[in-house]
Amino acid sequence: MQLLDGKKISEDIKNEIAAEVKKMKDNGEKVPHLAAVIVGNDGASLTYVGSKVKACERIGFESTLIKLPSTISETEILKKIEELNQDDNIDGFIVQLPLPEQIDDQKVLMAIDPSKDVDGFHPENFGKMALDMTTFIPATPFGILELLERYNVQTAGKHTVVIGRSHIVGRPMSILMGRKGFPGNSTVTLTHSHTKNISQITTQADIIITALGVPNYLKAEMVKDDAVIIDVGITRVPDETAERGYRITGDVDFANVSKKASYITPVPGGVGPMTIAMLLKNTLLAREQRAMRGQ
């Protein structure tokens with residue numbers, strides 16, 4: 001069994017991006033600028049956005065954090081997005097989800113300029129991804145592809161089972177694993193809450209990607225020997241013995257499944273760190289594309 005070490009690979013990627021940024025600076029070029037919009041005071045969102053800002057500083061990006069009150073109206077946030085769309089200094093930006101209930105998430109995502117949509121959630125970018133065109137791939141799926149590629153995990157002709165059909169992970173992964181090229185060329189089964197006899201499907205899988213958010217859902221008896229396991233789940237489980245009063249747990253019963261797997265991602269330290277690294281990579285791509293357009 002080999003660990004797919006997202007912590008290590010994400011550091012490698014950040015170092016590669018930092019080297020690119022240094023070249024840009026040395027050539028007197030504009031460095032990438034990422035903005036993040038956060039609405040309200042959700043603790044997990046603040047921590048996540050904070051880590052994105054720190055990562056920007058580390059690799060030499062410019063970054064802007066825009067904090068908006070949870071009472072903001074939909075009209076006001078749409079106005080702020082239009083300002084960011086028009087701001088030539090900003091190459092890419094994200095709006096941290098979830099948003100308060102008075103705001104329609106879909107409306108907000110639709111308002112983002114696709115050329116600055118480094119989260120890859122705009123329908124234009126999602127459509128391009130589905131058609132194998134060059135575009136921004138959502139950061140978590142992009143990170144999974146990068147892990148598979150850097151560990152040279154073979155995907156062609158393999159049976160990939162994706163558990164969960166979210167727009168952020170499950171659905172894009174099902175498309176990407178079936179695309180032409182590497183990683184890809186696998187035969188994909190997308191499973192979800194209405195799938196019957198899921199164990200019969202997972203025991204036939206060469207690769208399992210689970211993004212369900214149910215702690216320890218995937219048990220050893222649901223997995224065949226030498227399967228590749230990608231665990232996107234991340235749940236805080238109360239634990240009085242832990243210093244913070246909880247521990248971070250994935251969708252996979254790691255202790256038992258890891259004994260059967262050929263490759264497996266740990267939680268934490270697997271897919272999580274890759275998400276931020278690939279968001280930075282998308283921002284670098286956005287900067288390069290804008291430079292080519294003379295912006």
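Good morning. The model is predicted, so local features need pLDDT of at least 70 and side-chain atom pairs count only at pLDDT 80 or more, while totals for chains, interfaces and linings use all residues. Residues are numbered from 1 along each chain as its sequence is written, and side-chain values use heavy atoms, with hydrogens and water left out.

I begin with the salt bridges. Side chains of opposite charge can pair when their charged atoms come close. Here, a salt bridge is a side-chain nitrogen of Lys or Arg within 4 Å of a carboxyl oxygen of Asp or Glu. The structure holds 16 of them.

Consider Asp 12, which pairs with Lys 8 at 2.8 Å between the closest N and O atoms. Both residues belong to helix H1 (residues 6-26), where they are four residues apart, about one turn of the helix. Helices are DSSP runs of H or I with at least four residues, strands are runs of E with at least two, and both are numbered from the N terminus.

How accessible are these partners? Asp 12 has a relative accessible area of 25% and is partly exposed; Lys 8, at 45%, is also partly exposed. In these terms, buried means under 20% relative accessible area, exposed means over 50%, and partly exposed lies in between, using a 1.4 Å probe and protein chains only.

A second pair is Glu 11 and Arg 58, with the closest N and O atoms 2.5 Å apart. Glu 11 lies in helix H1 and Arg 58 in helix H2 (residues 43-59), so this pair ties together parts 47 residues apart in sequence.

Glu 74 is in helix H3 (residues 74-86) and Lys 107 in helix H4 (residues 105-111), so parts 33 residues apart in sequence are tied together. Glu 74 is buried at 18% relative accessibility, whereas Lys 107 is partly exposed at 43%.

I turn now to the largest pocket. A pocket is an open set of points on a 1 Å grid over the protein atoms alone, where a 1.4 Å probe fits, with protein on both sides within 12 Å along at least five of seven lines; lining residues have an atom within 4 Å of a point.

Which residues lie nearest the centre of the largest pocket? They are Ala 44, Tyr 48, Ile 234, Gly 272 and Thr 275, out of 46 lining residues. Thank you.
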